[in-house]
Amino acid sequence: MLKKKIETALNKQINAELYSAYLYLSMASWAESKGLDGVANWFRIQYQEEQSHAMRLYGYVNERGSRVKLTAIDAPPTDWKSPLAVFKETLKHEQKVTGLINKLVDLARSESDHATDNMLQWFVSEQVEEEATADGIVCRIELVGEKGEGLFMIDRELATRVFTPPADQEG
Ligand code: FEO
């Protein structure tokens with residue numbers, strides 16, 4: 001059984017991951033409305049990834065004999081100025097999530113909860129990847145520009161992304 005403090009903090013993180021899913025689905029729907037099919041695809045995959053992050057925490061809380069309690073998810077923004085703006089916000093959001101994960105690790109350590117600390121290390125590595133991916137896309141859009149052929153190229157590249165569930169979450 002998890003300590004109450006840890007259980008509450010992990011439940012909060014489940015909410016944060018579901019908010020991330022909701023935010024990225026909102027970004028996908030914005031991109032659909034602009035005819036940016038590749039960008040929309042990328043964010044739909046990102047939405048699935050965030051759901052899988054929430055479910056990883058959900059599974060862990062249950063495995064430890066504790067209780068998942070779902071709470072209201074905030075409404076995400078619905079409009080962005082441009083593809084660059086949407087990816088800049090993605091990067092900023094992921095940096096914020098990294099901060100939340102780091103705080104959870106600090107808490108697990110201060111409570112001597114080694115199992116939770118160990119489980120969270122997956123998220124520590126994942127956040128490095130999440131930030132690097134978003135940063136890479138921001139850099140490429142800045143490089144090629146947001147108009148005409150440059151944007152078409154980026155959109156085509158983002159259309160190729162597929163969802164791959166982590167090996168330990170398959171089936
Ligand atoms: Fe669940 Fe994008 O971090």
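**Reading features in a predicted model**

Q: Is Lys81, at 80% relative accessibility, buried or exposed?
A: A residue is called exposed when its relative accessible area is over 50%. Lys81 has 80% relative accessibility, so Lys81 counts as exposed. The model is a predicted one.

Q: Where does Lys81 lie, and how many Å separate Lys81 from Val68 in space?
A: Lys81 belongs to the loop between H2 and H3. Its C-alpha is 37 Å from that of Val68, although the two residues are 13 apart in sequence.

Q: Is Leu84, with a relative accessible area of 15%, buried or exposed?
A: The buried class takes values under 20%. Leu84 has 15%, so Leu84 is buried. This residue is part of helix H3. Leu84 and Glu142 are 58 residues apart along the chain, with 7.5 Å between their C-alpha atoms.

Q: Which helix holds Thr116, and what is its relative accessible area?
A: Thr116 is in helix H4. Its relative accessible area is 1%, so Thr116 is buried.

Q: Which residues of the largest nonpolar core touch the most other members?
A: The core has 22 residues, and those with the most contacts to other members are Met27, Val39, Phe43, Val86, Phe87 and Leu158. At least two core residues come from each of H1, helix H2 (37-63), H3, helix H4 (114-144) and helix H5 (148-158). The greatest contribution is that of H1, with seven residues.

Q: How many aromatic pairs does the structure hold, and which residues form one aromatic cluster?
A: There are six aromatic pairs. One cluster is made of Tyr24, Trp42, Phe43 and Phe87.

Q: Why is the pair of Trp122 and Phe123 called edge-to-face?
A: Ring planes over 60 degrees apart are read as edge-to-face. The planes of Trp122 and Phe123 are at 85 degrees, with ring centres 5.0 Å apart, so this pair is edge-to-face. Trp122 is partly exposed, at 25% relative accessibility, whereas Phe123 is buried, at 0%.

Q: Which charged end sits over the ring of Trp122, and which over the ring of Trp42?
A: A charge is placed over a ring when its end atom is within 6 Å of the ring centre and within 35 degrees of the ring normal. Over Trp122 it is the charged end of Arg56, at 3.7 Å from the ring centre. Over Trp42 it is that of Arg161, at 4.4 Å from the ring centre.

Q: What is the volume of the largest pocket, and which residues lie nearest its centre?
A: Rolling a probe the size of a water molecule over the atoms shows where empty space is left. Here the volume of the largest pocket is about 350 Å³. Its lining has 13 residues, and Lys12, Gln13, Asn15, Ala16 and Leu100 are nearest the centre. Helix H1 (4-33) and helix H3 (83-110) are the elements that give two or more residues to this lining. By class, the lining residues are six nonpolar, three polar and four charged.

Q: What is the phi of Ser112, and where does Ser112 lie?
A: Most residues other than glycine have a negative phi. Ser112, which is not a glycine, has a positive phi of about 55 degrees. Ser112 is in the loop between H3 and H4.

Technical notes. Residues numbered from 1 in each chain as written. Predicted model: local features only at pLDDT ≥ 70, side-chain atom pairs only at ≥ 80, totals over all residues. Heavy atoms only, no water. 1 Å grid on protein atoms, 1.4 Å probe; cavity = no way out; pocket = protein on both sides within 12 Å on 5 of 7 lines; lining within 4 Å. Points joined across faces, edges and corners; volume = space filled by probe spheres on them. Helix = DSSP H or I, 4+ residues; strand = E, 2+ residues; numbered from the N terminus. Nonpolar A, V, L, I, M, F, W, Y, C, P; charged D, E, K, R; others polar. Phe/Tyr/Trp six-rings, centres within 6.5 Å; stacked < 30°, edge-to-face > 60°. Buried < 20%, exposed > 50% of the residue type's maximum accessible area, 1.4 Å probe, protein only. Core = buried A, V, L, I, M, F, W, Y, C linked by side-chain atoms within 4.5 Å.
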